[in-house]
Structure formats: C-alpha cells, structure tokens
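Hi everyone, thanks for coming.

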Amino acid sequence: MDPKTASNLSFILNKPHDVTFSSKPVPTLKSSHDVLVAVNYTGICGSDVHYWEHGAIGHFVVKEPMVLGHESAGTVVEVGPAVKTLKKGDRIALEPGYPCRRCEPCLSGHYNLCPDMQFAATPPYDGTLTGFWVSPADFCYKLPDNMSLQEGALIEPLAVAVHIVRQAAVSPGQTVVVMGAGPVGLLCAAVARAFGASKVVSVDIVESKLAFAKSFYSTHTYMSQRIPAEQNAANILAEAGIDNGADVVIDASGAEPSIQTSLHVVRMGGTYVQGGMGKSDITFPIMAMCLKEVTAKGSFRYGSGDYKLAVDLVASGRIAVKKLISGIVSFDKAEEAFKKVKQGEVIKLLIAGPNEKIA
Ligand SMILES: [Zn+2]
Ligand SMILES: [Zn+2]
C-alpha cells in the first residue's frame, strides 16, 4: 500500500457523542528507529466507548478532537534506516503506548508506569482508527504466518490479560475466580488456563456472557445474584467444588459488588488482583483482606514481555482469540460499531482500516 496515494481517513471524537471522519496528513517517521504502519484492523475497547459517551476517563479528559482506537494490527509500509527487526510487508500487532524509556519506572522494567507515557486514544494523544500510524519498531510484534491480522488486533486485550495473570502469579493446579466475562475477563480465564490453573470460574450478571465463557476457557461459571457478597462468594465456591477459597481471584469488572465478593472468595493467604476499572471509590471489605492476609495487587495495561507472550499464546494454538470476534465492519461504519458495543450486543467488533476491502 502506497502511503502517498492511500487514504489516511481518521475517526475523530470531537466531544461526547459527536464524531467525524476527517482525512489527516500521513504521519512521518520521527526517529530512524520508527516504522510506518498501514492499519488493517482495530478492535473497539470499552475505554474507546467510554470516551465516546463521556469524553473522559478519570483525569484523562478529551479537550481537543481526538482520534479513537488502540487495539490494532497492521502492515509495515516503510522502515527507518536504523530498523533491523522489521521489513516492508511484515504484518504486526501494534503496541499502542510509548514510554519515555529514561525514567525510573522505565529503567526498572515497568514502563507501563511511565509518567510520560504517550498512549493511543488517551488524551491528548490520537489513536489508531486511522490509515497510517508511526511506531518505534520495538513496539511492533511480527505476526507469524499462521496468524491473521484479525487475530493480531486481539493481541492488545490479550496482553492486558497476560499482565493481570502475571500480576496474580497463577501457577499449575491453582483455582482461579474471574469476576466479569467481558473480553478482558474471558481472556484472563484463557491465560489462567494456559498458565496451568485447574479450575477457572467466570462470574457475571449476564447469562449469555457466561454461556460464552463456558464455551471458551472457563471450567465453571456462576451467575451473580442480588445477595450479600459473602453469600455469592460461598455459592461460587460450592458451584466449582472449591473447599477453602480460591487461590487467586481476579476482578475484571470494576463493579463494587464483584470487588466485595472477590475478597470473600479468595482463600487464606490467597491473591487478589484488580484489573477492571469502574468507580474511583468503593466500599471495600478491608477486614477480610487483613484477616486472610491477602496479597492485593493492581494491574495497569501491559509491560515487558506481555505482548510477546500474547502473540505466542495465539500462534501456538493455546488461546483461540478468533472466537471473540463478533464481526468486522468497514471504516465508514465505525460509529454504528460503537453503538453496537455500547448496547452489549457483541463481544469484540473489529473496524477495518480505511484502505481495507472487506467482503
Ligand atoms: Zn483496550
Ligand atoms: Zn518513562
């Protein structure tokens, strides 16, 4: 694809519920280590939908028009003179956040915590729902021949799940409860199984999501009830035949009742990881955490090695991310796709790049 003649149409959020398509100049390489990527497919994430609806997530507020999208796969169309790992025509999964590489978190191997992170579709930075994208070569992960570009677009949420499960240090034979069966919750269950968990229970409030979880990687499911958190926790353990609490509980929902249940479902000395983002402040069962000496951790985006492992889990056939793709829509249907995701009719919708022909 020739960036001189191809489209660089972009899908832009002006303010909540106000989006436009506009053709932007094709970006140029900023460093000799950069590559120019033609974007083939982009998945819609809950965070994109949240910006579209509310114009802000926490302290990230959309003040200027911003291109949406960050879950992308593409094809390398130009390489900088210092790039040794990629060539024109390589198909890649795009890691969409670029840290400073110089601060203490960066140098200690935790670049996801870089205070100067430039992350796609997080204001003030534009996202990847566009024709062409410039990335440092080392944030592009070459897809093996047996992986499609559509699967490549699922690597971003899978990397989020890999980071969460690594934070939880899931090991073979463990029992894991995952609160929430949206894309990240489903992928956490899949990664936990790949890490050797013997039982993985998915918990949600939507029956169809649980049915899907059962057909994906969860060994058990539980439909959360409007009852006290302790009772939901007891039901989850009974349902899965887990005696003294789960070794690991992951909250991938961000919902207050789920977080409360999490602290009651985890065993003495177990691990709880918060991956989902909901309200900033909630009522938290801190006594349970203290008395059980729970190890509690947060998880934010992804860091060293997470994308690489995510690609490997798909390429080796251990995680069939393809099953999550509900459909692929053309670029001009981006707004309708956002509406569908908002209505919860789909698991993961991909938007084809503006230069992509779809059937
Ligand atoms: Zn995302
Ligand atoms: Zn940094």
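Let's start with A121: this residue is buried, because its relative accessible area is 2%, under the 20% cut-off. Keep in mind that we are looking at a predicted model. A121 sits in the loop between β10 and β11, and its phi is near 55°, a positive value in a residue other than glycine. That deserves a second look, as most residues other than glycine have a negative phi, and most peptide bonds are trans.

The loop between β10 and β11 also holds P124. The peptide bond from P123 to P124 is cis, with omega near 10°.

Now, where else do we find a positive phi? E293, not a glycine either, has one of about 50°. E293 belongs to the loop between α9 and β18. Is E293 buried or exposed? It counts as exposed, at 67% relative accessibility.

On to the metal. The zinc ion, ligand 1, is coordinated by C45 through SG, H70 through NE2 and E71 through OE, at 2.2 to 2.5 Å. Along the chain, these donors follow the spacing C-x24-H-E. C45 lies in the loop between β3 and α1, and H70 in the loop between β6 and β7, 25 residues apart. C45 is buried at 17% relative accessibility, and H70 is buried at 4%.

Finally, the helices. The axes of α1 and α11 come within 10 Å and cross at roughly 105°, so the two helices are roughly perpendicular to each other. Among the residues that meet there are W52 in α1 and F338 in α11. The contact residues divide into four nonpolar, no polar and five charged.

Methods:
Residues are numbered from 1 along each chain as its sequence is written. Chains are lettered from A and ligands numbered from 1 in the order in which they are written. This is a predicted model: local features need pLDDT of at least 70, side-chain atom pairs count only at pLDDT 80 or more; totals for chains, interfaces and linings use all residues. Side-chain values use heavy atoms; hydrogens and water are left out. Axes are lines fitted to C-alpha atoms, for helices over the stretch in contact, and angles run from 0 to 180 degrees between N-to-C directions. Helices (H or I, at least four residues) and strands (E, at least two) are DSSP runs, numbered from the N terminus. Angles under 35 degrees count as roughly parallel, over 145 as roughly antiparallel, 65 to 115 as roughly perpendicular and the rest as oblique. Contact means heavy atoms within 4.5 Å. Ala, Val, Leu, Ile, Met, Phe, Trp, Tyr, Cys and Pro count as nonpolar, Asp, Glu, Lys and Arg as charged, and the others, Gly among them, as polar. Donors are N, O and S atoms within 2.8 Å of the metal (3.2 Å for Na, K and Ca); water is not among the atoms, so sites may look incomplete. Buried means under 20% relative accessible area, exposed over 50%, partly exposed in between (1.4 Å probe, protein chains only).
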